[in-house]
Amino acid sequence: MLTETTVPADEPGHGAAPLASEGEALTDDQNEPPPLVAQFASSPRGARLARQVAVRHLEEWGYPPASDASCAVALVVAELAANAVRHGRVTGRGFGLRLALDAAAGLVRVEVADAASAKRPPAAPPPSAPDGESGRGLLLVDALAVRWGSAPRHPLGKTVWAEIPVTA
């Protein structure tokens, strides 16, 4: 289960401050809602459920399913979860999802963790062939997020994260 961010503050090009661990305030404002932390099976069904749970949780935070914020977060969760299932699957292990709202900064942080340490995403979205059947997921994440990246997860695996702008 994910309980804290796994992104080091000194990661090149991604000077994002780490979020507080579960149960702590994300900012000095004690009114921030608690993050969503969930585990899913490493399967297409698990990826679909992760997206659905994210949309429901955003609705609890005041972002209706048809809002731009909810749609953007749903798309990023869907892409990162699908990548965790396709590229990060390790037999007998699922993937974790963590969503955290920082209302003061106007961001939702999406973190998807899997057990595959060796398969990290590229630092930038790969170029996609126009006729290709895949390869556009990270382009979408890059377009929707103010920043994104990945970091090793201890004792094994990695976390791919993205910060999505939201408005009240």
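The model is a predicted one. The protein contains three helices and five strands, arranged along the sequence in the pattern β-α-α-β-β-α-β-β. Of its 168 residues, 47% count as buried. Among contacts with a separation of 6 or more, 65% join residues 24 or more positions apart.

**Helix 2 and helix 3**

- Two packed helices are described by the angle between their axes and the distance between the axes.
- For helix 2 (residues 68–87) and helix 3 (residues 137–144), the axes come within 10 Å and cross at roughly 145°.
- The crossing of helix 2 with helix 3 is left-handed.
- Helix 2 contributes Ala72, Leu75, Val76, Glu79, Leu80 and Asn83 to the contact, while helix 3 contributes Gly137, Leu138, Leu140, Val141 and Leu144.
- Classified by residue type, this contact of helix 2 with helix 3 comprises eight nonpolar, two polar and one charged residues.

**Val73, a buried residue of helix 2**

- Val73 is located in helix 2.
- Val73 counts as buried because its relative accessibility is 0%, and buried means under 20%.
- Beyond its neighbours within four places in sequence, Val73 is in contact with Leu58, Leu99, Val108, Val110 and Ile164.
- Val73 and Pro165 stand 92 residues apart along the chain, and their C-alpha atoms are separated by 9.0 Å.

**Ser42, a buried loop residue**

- Ser42 belongs to the loop between strand 1 (36–40) and helix 1 (44–60).
- With a relative accessible area of 12%, Ser42 falls under the 20% limit and is therefore buried.
- When residues up to four places away in sequence are not counted, Ser42 touches Ala84, Val85, Arg89, Arg93, Gly94 and Phe95.

- By class, the lining residues of the second largest pocket are five nonpolar, four polar and three charged.

How values were computed. Residues numbered from 1 in each chain as written. Predicted model: local features only at pLDDT ≥ 70, side-chain atom pairs only at ≥ 80, totals over all residues. Heavy atoms only, no water. Nonpolar A, V, L, I, M, F, W, Y, C, P; charged D, E, K, R; others polar. Axes fitted to C-alpha atoms, helices over the stretch in contact; angles between N-to-C directions. Helix = DSSP H or I, 4+ residues; strand = E, 2+ residues; numbered from the N terminus. Left-handed = near helix turned anticlockwise from the far one by under 90°. Contact = heavy atoms within 4.5 Å. Buried < 20%, exposed > 50% of the residue type's maximum accessible area, 1.4 Å probe, protein only.
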